[in-house]
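Dear colleague,

Please look through the coordinates alongside the text below.

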Amino acid sequence: MTLSRTVRSTVLTAALLSASALAFPASAQAAPLPPACQQALLTTLDKFPVADFTVPDKVQSAMLNEVGNLSEADQQAFTEKGCAAWNNWATKNGQAVATDLDTRYRNAAGPACNKFTTSAIGTIKKYAPNIPAETRELEKVAKKVWQNAMQKLAVEATNADCRKAYNGVKAGW
């Protein structure tokens, strides 16, 4: 599955990034995914119809690299129960999450990296506490992907504003 430039979710997952981060690992797994996880992979992005929020290409690449490095233990988080709970939550809350992401993105200053980090982490922090308990193992994986990707981006960024943006959110939510 090709990732769209505009991530239509939460976060990874607990809000957009969350959603994206949760959906990304599924494509990296060698073992068959439970049906609800297959559904999450195929439909999560559609449940978060953002208009303005955009994930920079470097962020997508960093996250995909992290997903490709998930351990078998991390991949075990993708259970039928967890993914079904995510699917239900995303269906009920996707529009509100997308609206929040878009508003934060439009209101954030600076380059795209700062607009992304400011809006993603703000929305994730707002919605993560409301994610069903059954998704907590998925959220742990999403946090790991997020933290590792932001750390690498902070180190590799050539733009001082982007280094600061990635450093500011690397601890996650």
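A disulfide is taken here as a pair of cysteine sulfur atoms within 2.5 Å. Please keep in mind that this is a predicted model. With that criterion, a search of the whole structure finds two disulfides, and when the bonded cysteines are counted along the chain, their pattern is 1-2, 3-4.

One of these disulfides joins Cys-37 to Cys-83, with a distance from S to S of 2.0 Å. The pair links distant parts of the chain, since Cys-37 lies in helix α2 (residues 35–43) and Cys-83 in helix α5 (residues 80–107), 46 residues apart. The torsion about the S-S bond of Cys-37 and Cys-83 is about 90 degrees, so this disulfide is right-handed. As buried means under 20% relative accessible area, Cys-37 counts as buried because its value is 1%, and Cys-83 is likewise buried because its relative accessible area is 3%.

The other disulfide joins Cys-113 to Cys-162, and here the distance from S to S is 2.0 Å. This pair, too, links distant parts of the chain, with Cys-113 in helix α6 (residues 112–127) and Cys-162 in helix α8 (residues 160–169), 49 residues apart. For Cys-113 and Cys-162 the torsion about the S-S bond is about -90 degrees, and the disulfide is therefore left-handed. Both Cys-113 and Cys-162 are buried.

Note on methods
Residues are numbered from 1 along each chain as its sequence is written. This is a predicted model: local features need pLDDT of at least 70, side-chain atom pairs count only at pLDDT 80 or more; totals for chains, interfaces and linings use all residues. Side-chain values use heavy atoms; hydrogens and water are left out. Helices (H or I, at least four residues) and strands (E, at least two) are DSSP runs, numbered from the N terminus. Buried means under 20% relative accessible area, exposed over 50%, partly exposed in between (1.4 Å probe, protein chains only).
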